[in-house]
Amino acid sequence: MRQVYLSLVIFVILVLEGVALELLPAQTFGDLFIISHWVLVCLIYVAIFYDSEETNFSLFYAFFFGLLVDIVYTNILGVYMFTYAITIYIIKKLTRLFQSNLLSTILFGILGITLTDILIYLIFTVIEITELPWQDYIIYRLLPTILANIVFLTVIYPFITKKLIKWKKSR
Amino acid sequence: MSLFRKKRLFILLIGIIILVVLIGYSLRDRDKLTIPEQFVNDTVGWVQSIIYTPVNFFTDIFTSIDDIKNTYQENKILKEKLSEYKTLIYEVQELTEENEELRNSIDLTDSIRDFNPIQATVISRSPERWMELVTLNKGSQAGIKKDMAVITADGMIGKIQSTSPYTSTVQLLTGFDQFNRISATISREDGKDIFGLIEEYDEESNSLLFKIIDESDKNLEEDELVVSSGLGGVFPSGLPIGTVKDIIPDQYGLTQTALIEPAADMYDINHVIVVDRSLPGDEDVADDEGDE
């Protein structure tokens, strides 16, 4: 039953991501592109606080929701599925080395978002969806995106960790 | 331990192969989405419209309050303009009637200008901004088909990229690449129209590249209106696309490229009209027309 709740929450966040961008004026930040990676942030939380060493829920979620993002928002299958899965896999391996607290979560968040965004940029450059030079990419896109998503990650930290730990214990 | 390493490497390789196959499959020129994709799109679209409607209601209230502040001044200006338009409306009516009569007299009833409008609302926008896609709340059940033009009151904003029964995806002009060309024209008096192709969106100058295929003895001027010409066979003619911002010669100096600033705002899109051309465009016919 917890699984159903958890998937529903991530699904709603995936839906909100698209609606929020439509309702918020996008050009208020001038030249900077801020990409919301809310689904990824949630997946990182699941990997750190919900999964134990033996279980692989976060990996399955990464596959499934990556594929959903692909279908709904890009029309190119596989890109997000692959990058989310790899990112979550690496983070899951690293969680053994650190205690789970706010600082380590922020570190994992920075690592995960950077990795995902760069991987997606690389794939889209290879298949010629974008021709943005990498210097511009890093300054106008990567850095603001990391900052904004870390703010989001820190804001939801107290709410989401309590729930996740409770769900993990009752499993 | 070495067994595990091998297994891991094996999985990674299989993952990369699947990725390449999937990307190759989706980059192919697909006519239709697969049924699972359509189902997912419709489900997500349904949830999006549930969330979108009440939230949009509240944001609308705030914009309305903002609008009320300016109402008095706007009203004054609009009244002045209205009196000018009254005579214009009369003239247009006369002209339309005359046009119809003339068309009837030569048995030419269909025109590539005519289209059936399909009203739709934007319910979401792709959060990752590599692909400029927005989702509409109507799909193939409402008569929307792939490659139809999408316009707002100001001008063209894009074309339909894919449809599901109850939602459809629009590729915005800002995401156009060399595979999405629009045949366009600048209207001049005495039949000296300038024809060309809108080739792609240039992110550096934030404008569309309008490549002129005519020999360029007719000098372009800034602020001229570029409209679709309807010769591509899909879009009707006369949809405003944008205004000329700057003109650059190509590297051999033979043709000119104009930078076009899109007429419609690509960020603040709410209600759109999907344009269903009345006159069916046959691919072969369109090619012939383009050659002339």
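**A tryptophan, a core and a contact**

Mentor: Happy to! A:W134 sits in helix α6 of chain A, residues 134-169. Residues are numbered from 1 along each chain as its sequence is written, while chains are lettered from A and ligands numbered from 1 in the order in which they are written. Keep in mind that this is a predicted model, where local features need pLDDT of at least 70 and side-chain atom pairs count only at pLDDT 80 or more, though totals for chains, interfaces and linings use all residues. Helices (H or I, at least four residues) and strands (E, at least two) are DSSP runs, numbered from the N terminus.

A:W134 is exposed because 12 other C-beta atoms lie within 10 Å.

The largest nonpolar core has 86 residues, and A:L43 and A:F65 touch the most other members. Such a core is a set of buried Ala, Val, Leu, Ile, Met, Phe, Trp, Tyr and Cys residues joined through C-beta atoms within 7 Å. Helix α2 of chain A, residues 38-50, supplies the largest share of this core, 11 residues. Beyond its neighbours within four places in sequence, A:L43 is in contact (backbone-placed C-beta atoms within 7 Å) with A:S58, A:Y61, A:A62, A:F65, A:Y84 and A:I88.

Both A:Y84 and A:I88 are among the buried residues of α4(A). α4(A) reaches 23 Å from its first C-alpha to its last, close to the 22 Å expected at 1.5 Å a residue; the expected span is 1.5 Å times one less than the number of residues.

Finally, the partner chain. The contact between the chains takes 29 residues from chain A and 36 residues from chain B. On the side of chain B that touches chain A, α2(B) gives the most, with 11 residues. By class, that side has 19 nonpolar, 12 polar and 5 charged residues. Here Ala, Val, Leu, Ile, Met, Phe, Trp, Tyr, Cys and Pro count as nonpolar, Asp, Glu, Lys and Arg as charged, and the others, Gly among them, as polar.

Technical notes
Two residues are in contact if their C-beta atoms, placed from the backbone, lie within 7 Å. A residue is buried if 20 or more other C-beta atoms lie within 10 Å of its own, exposed if 12 or fewer, and partly exposed in between; C-beta atoms are placed from the backbone.
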